[in-house]
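Open the model in your viewer and keep the selection panel at hand. The tour starts with confidence and then moves to the ligand.

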Amino acid sequence: MTKSPIGGNRSGRKLGQKVKKGKLKASSRRWLERHINDPYVQRAQLEGYRARAAFKLLEIDEKHKILAGARRIIDLGAAPGSWSQIAAKVTNSTDADPRVAAIDFLEMDPIPGVRFLQMDFLHPEAPDRLKEAIGGTPDLVISDMAAPTTGHRQTDHLRTMHLCEVAAHFAVDVLADGGHFLAKTFQGGTERELLNMLKQNFRQVIHVKPASSRAESVEMFLLAKGFKGRQGREPTEPAEDAATE
Ligand SMILES: C[S@@+](CC[C@H](N)C(=O)[O-])C[C@H]1O[C@@H](n2cnc3c(N)ncnc32)[C@H](O)[C@@H]1O
């Protein structure tokens, strides 16, 4: 079970540390204080994960069982790489027999068993490059992509929602029957059209908010389980809002 590190101090580092007032701007100091006092950050360091985001995927999996049985995984917006670390582990991926393909426009230090493409997922060639890199049919597509922040909240939301939508269409294009799709979205941000499309293509579509996703953040995850396949799609009723768990 993924233990909540809230209030924990398993790295041996004290929580509640302050950063001295000095050259840093107040907002940067607040960010740094929050970061070094975040128990998930400390636990990620202790357990060898590159980012606290690892616990979001692990917590979602604990409840919704999307990793077990995944043989090939595509990780969108992968850097610095904690989801790819988990993906490589659960698929027993190796450099000789890679089962994970990952993409990010930022650099990412290599992870054994992960074929990494440093490019923009929105580039027209990205889908084909990913299909080529995975070398088989993936049964899980995960996307933690978030658009770089501009400071204008609505613009940032729209850009991240666009990434979620493109990722969803990509998942429908590549997934094996029965496969799953998980993507970052925002509270109230998922367009009805996107929900309709996902409900037509997957057996279950829900919104999830893992404990490790900061409560003050509007971040949510959209989980679509049980891909119905590209053959013989059943027509469905127009979607209601996806349930939130
Ligand atoms: C929250 S981070 C991902 C953290 C990652 N899941 C982990 O566990 O380490 C979001 C990533 O999405 C990437 N990203 C955003 N837009 C992208 C795009 N259009 N193409 C590729 N990567 C993108 C960012 O560069 C960033 O590294």
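pLDDT is the predictor's confidence in each residue, from 0 to 100. Colour the protein by it: the mean is 87, and 87% of the residues reach 70 or more. Now select residues 3-12, where the pLDDT is below 50. This stretch has 20 contacts (heavy atoms within 4.5 Å) beyond near neighbours in sequence. Where pLDDT is low, predicted coordinates should not be read in detail.

This is a predicted model, so local features need pLDDT of at least 70, side-chain atom pairs count only at pLDDT 80 or more, and totals for chains, interfaces and linings use all residues. Residues are numbered from 1 along each chain as its sequence is written, and side-chain values use heavy atoms, without hydrogens and water.

The shell holds 19 residues, with S82, D104, D120, F121 and D144 the closest.

Show distances. A ligand oxygen is 2.7 Å from a side-chain N or O atom of D104. At D120, a side-chain N or O atom lies 2.7 Å from a ligand nitrogen. For G81, pick the backbone: an N or O atom there is 2.9 Å from a ligand oxygen.

Terms used. A residue is near a molecule or strand if one of its heavy atoms lies within 4 Å of it. A polar contact is a pair of N or O atoms within 3.5 Å; within protein, one must be able to donate a hydrogen and the other to accept it, and residues adjacent in sequence count only if both atoms are side-chain atoms.
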